Structure formats: C-alpha cells, structure tokens
Amino acid sequence: MKTLHLVFMGPPGAGKGTQAALFHERYGPPHVSTGDMFRVAVRDGTDVGRRATEYMQRGDLVPDEIVDEIVRIRLAQPDTARGVILDGYPRTLPQADYLDALLAERDRGLDAVVSFEIHEEVLLRRLTGRRVCPTCGAIYHLGNNPPKTPGRCDLDGTALVQRKDDAPDTVLHRLQVFRQWTAPLVNHYRKRGLFLAVDAERPVEAVHEQILQFVRSRAASP
Ligand code: AP5
C-alpha cells in the first residue's frame, strides 16, 4: 500500500489516542487528533480555540464547519502526503462525507476504519484515571499505565493534568453525544467493507496487534 489512511472511531476513553500514538511511533503516519488540535487552539487562544471552547467544555461536538476546516488545513501539510491516522474525526455523517471529498480531491481514499468497542463502565474507569501531558499530549492512566515518576510525564517531565472534560457529568454527556451522532457512522462504514470492530477492553498490545493484522490484510488485498 503506497499510502495509508486510517480512521479510529469510538466513544470517549476507548483508547483511540493511545492506539494512534502507538501506530504513529511504530509505522510513521502522522497522528491527527481533532481533540488535540482543539486543545492546543484553546490553550493558545486562537480564533478556532475561542470558537471551540464552549462546546468542548460542555462535552458537545464542535460544529462541523469548524472541524472540517481544521482537518482540511492539516491534511494539506506535506507530512500527510503518504497517509494519516485520524483520531476522533469524522464524528458525524456530514464530516464523513466531507472527508471523502477531501481525500478524493487529492486522489486518496480511506484504507481502514477501526471502531473501538467497549462497555461504558470500563470507559468511566479509564476516564477518571486518565492523566495527560499538557506539553506533548502523552496519555497515562493512574492504574493501567502510570508514569515512571508519579505526576510527571516520562517524555518531558511536565506535570500531568486531568482533562476538564473528564469530569463525571461531562463524561456522561459525551457518551450521550457519541451515541446520538457518531455511533451511526458504524453502519455507514461497515457497508463499505473497510471496517474493523476491535474489542477495546483487551490490553493495549493486543488491540494494536488486531489493528495491525487488519491493516496488513487490506494492504495485501487487490
Ligand atoms: P477528543 O479529545 O477526541 O475526545 P474523545 O473522542 O472523547 O476521546 P478521548 O480522547 O476522551 O479518549 P480516547 O479514545 O482517545 O482514549 P485514550 O487513548 O485517551 O475530543 C474532545 C472534544 O473535542 C470533543 O468532546 C468535542 O468537543 C471536540 N471534538 C473533537 N473532535 C471532534 C469532531 N470530529 N467533531 C466535533 N467535535 C470534536 O485512553 C483513555 C484512558 O484509558 C487513558 O488513561 C489510557 O491510558 C487508558 N487506556 C487506553 N487503552 C487502554 C487499554 N487497552 N487498556 C487499559 N487502559 C487503556
């Protein structure tokens, strides 16, 4: 496969960011997380950040036109020419249509869509224990994947933080938003034959291996 375009979709806390970072580290395609891009924009006080912040704080989706625009700009960067791992985009049917058009304009197409399947009680445990590095975005979990020095990022030593939208009420709302807007994408992509459902409750390496096997099987198909 000359290029590799992957979409990782699933509810909050399912492990999309963890797997996308691992895939990037081992195989190279850039990890493009719309959530990370918005968090940087909010931190830096950009126009996009100001427009996105109230939606993110509530756990609502940022309007499609804002999200589509940041993805369009990101996918025009030269490092995405050979592929990309899209984490958390698309999340609505109009975003999925926009992505198809964007890739088609560049003679590209999706190779695989990975849906992370997981029970809600597991998600809640993952999100309450999650800590992130505000500098580099590295993801930890107090129980499953703690940093080597408590409270500090292994990569750059920054003090780890809890995401504001990981507060319990906001998490419950994000799950509801996922069920309403993003879950319908499962059928949309399943029909296209490039869909993999992974059991996201398994250990990180087991989930990674299943994704890798699927991507390799797609690469081998005519
Ligand atoms: P975003 O940042 O994308 O949040 P999300 O989709 O809700 O996903 P999360 O980042 O919460 O979870 P994850 O699946 O990446 O899990 P992780 O790997 O961290 O979006 C934030 C907000 O931005 C949205 O609410 C919205 O407002 C806006 N937004 C973003 N994209 C948008 C779009 N397309 N349209 C509109 N609005 C958009 O793992 C979670 C924890 O579990 C970690 O602690 C990790 O260490 C642990 N863990 C991971 N895998 C495993 C495993 N296999 N076993 C045990 N523990 C594990």
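Q: Is D44 buried, partly exposed or exposed, and what is its relative accessibility?
A: In this predicted model, D44 has a relative accessibility of 47%, so D44 counts as partly exposed. The cut-off for exposed is over 50%.

Q: And which residue does the side chain of D44 meet in a salt bridge?
A: The partner is R43. The N to O distance of this salt bridge is 3.0 Å.

Q: Why can two side chains pair like that?
A: Side chains can pair when they carry opposite charge and their charged atoms come close.

Q: What about R43, buried or exposed?
A: R43 counts as exposed because its relative accessibility is 53%.

Q: How many salt bridges does the structure hold?
A: There are 15 salt bridges in the structure.

Q: Which residue forms a salt bridge with R58, then?
A: R58 pairs with D60. Their closest N and O atoms lie 2.8 Å apart.

Q: How do R58 and D60 count in terms of accessibility?
A: R58 has a relative accessibility of 40% and therefore counts as partly exposed. D60, at 25%, also counts as partly exposed, because partly exposed covers values between the 20% limit for buried and the 50% limit for exposed.

Q: Which residue does R74 form a salt bridge with?
A: R74 forms a salt bridge with D79, and the closest N and O atoms are 2.8 Å apart. The relative accessibility of D79 is 42%, so D79 is classed as partly exposed.

Q: New topic: where is D111?
A: D111 lies in a loop. This loop runs between helix α5, residues 93-105, and strand β4, residues 112-117.

Q: Buried or exposed, that D111?
A: D111 is buried, because its relative accessible area is 12% and buried means under 20%.

Q: What does the side chain of D111 reach?
A: The side chain of D111 reaches the backbone nitrogen of H5, at a distance of 2.6 Å.

Q: How far apart are A21 and V32, in sequence and in space?
A: In sequence, A21 and V32 are 11 residues apart. In space, the distance from C-alpha to C-alpha is 9.4 Å.

Terms used:
Residues are numbered from 1 along each chain as its sequence is written. This is a predicted model: local features need pLDDT of at least 70, side-chain atom pairs count only at pLDDT 80 or more; totals for chains, interfaces and linings use all residues. Side-chain values use heavy atoms; hydrogens and water are left out. Helices (H or I, at least four residues) and strands (E, at least two) are DSSP runs, numbered from the N terminus. Buried means under 20% relative accessible area, exposed over 50%, partly exposed in between (1.4 Å probe, protein chains only). A polar contact is a pair of N or O atoms within 3.5 Å; within protein, one must be able to donate a hydrogen and the other to accept it, and residues adjacent in sequence count only if both atoms are side-chain atoms. A salt bridge is a side-chain nitrogen of Lys or Arg within 4 Å of a carboxyl oxygen of Asp or Glu.
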